[in-house]
Amino acid sequence: MLQNRRVYTYIIMSFILVFIPSCAWADNLFQLKPVEYFKALKLPQEGREKHLLDWREPVFAADGKVTYYQPPQPVLELLNDPSPLHAREYLNWQKAKMDRIVKAQEAVARLSKDSQ
């Protein structure tokens, strides 16, 4: 019985001595490069004015590609030059946008009433 324990102990120790170094070797088995999650973003400067780049926001797609969202022109003009003229243009643009949304909602409401 004691001899069987010794045999089992030697087998287990041999397995551990063989298995641990193989795990250390398999640390980078597929030779993968480290992932850089927080690399610095470089904004393209191709002929654009500097102040327009200040308001762009990076948008990350599911496949990792980066695109940039730029606010609409009335918003950019108001942010770059907050004058009463640009504020009035912005308010007119917002009112026109909201009028279109209300018309679309009314059309959907009419359609839902007709289908009932």
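Rings of Phe, Tyr and Trp, the last taken by its six-membered ring, count as a pair if their centres lie within 6.5 Å. With this definition in hand, the predicted model shown above can be examined, and a search of the whole structure finds 1 aromatic pair. The centres of the rings of Tyr90 and Trp93 are 5.9 Å apart and their planes stand at 40°, so the pair is tilted; planes under 30 degrees apart would count as stacked, and those over 60 as edge-to-face.

The setting of these two residues may be considered next. Tyr90 and Trp93 belong to helix α4, which covers residues 84-115, and because they are 3 residues apart there, about one helical turn separates them. Tyr90 has a relative accessibility of 24% and therefore counts as partly exposed. Trp93, with a relative accessible area of 22%, is partly exposed as well.

The description now turns to the protein as a whole. Its secondary structure consists of 4 helices and 2 strands, and from the N terminus on the order of these elements is α-α-β-β-α-α. Of the 116 residues in the protein, 7% are buried. Among contacts with a separation of 6 or more, 19% join residues 24 or more positions apart.

Finally, the surface deserves attention. The protein exposes about 10800 Å², of which carbon and sulfur atoms supply 62%. On this surface, Val7, Tyr8 and Ile11 form a nonpolar patch, with about 310 Å² of accessible area together. Ile11 lies in helix α1, residues 2-25.

Definitions and conventions
Residues numbered from 1 in each chain as written. Predicted model: local features only at pLDDT ≥ 70, side-chain atom pairs only at ≥ 80, totals over all residues. Heavy atoms only, no water. Buried < 20%, exposed > 50% of the residue type's maximum accessible area, 1.4 Å probe, protein only. Contact = heavy atoms within 4.5 Å. Areas by Shrake-Rupley, 256 points an atom, 1.4 Å probe, with all protein chains shown as cover. Patch = residues over 30% accessible without salt bridge, like charges linked within 9 Å, V, L, I, M, F, W, Y side chains within 5 Å. Salt bridge = Lys/Arg side-chain N within 4 Å of Asp/Glu carboxyl O.
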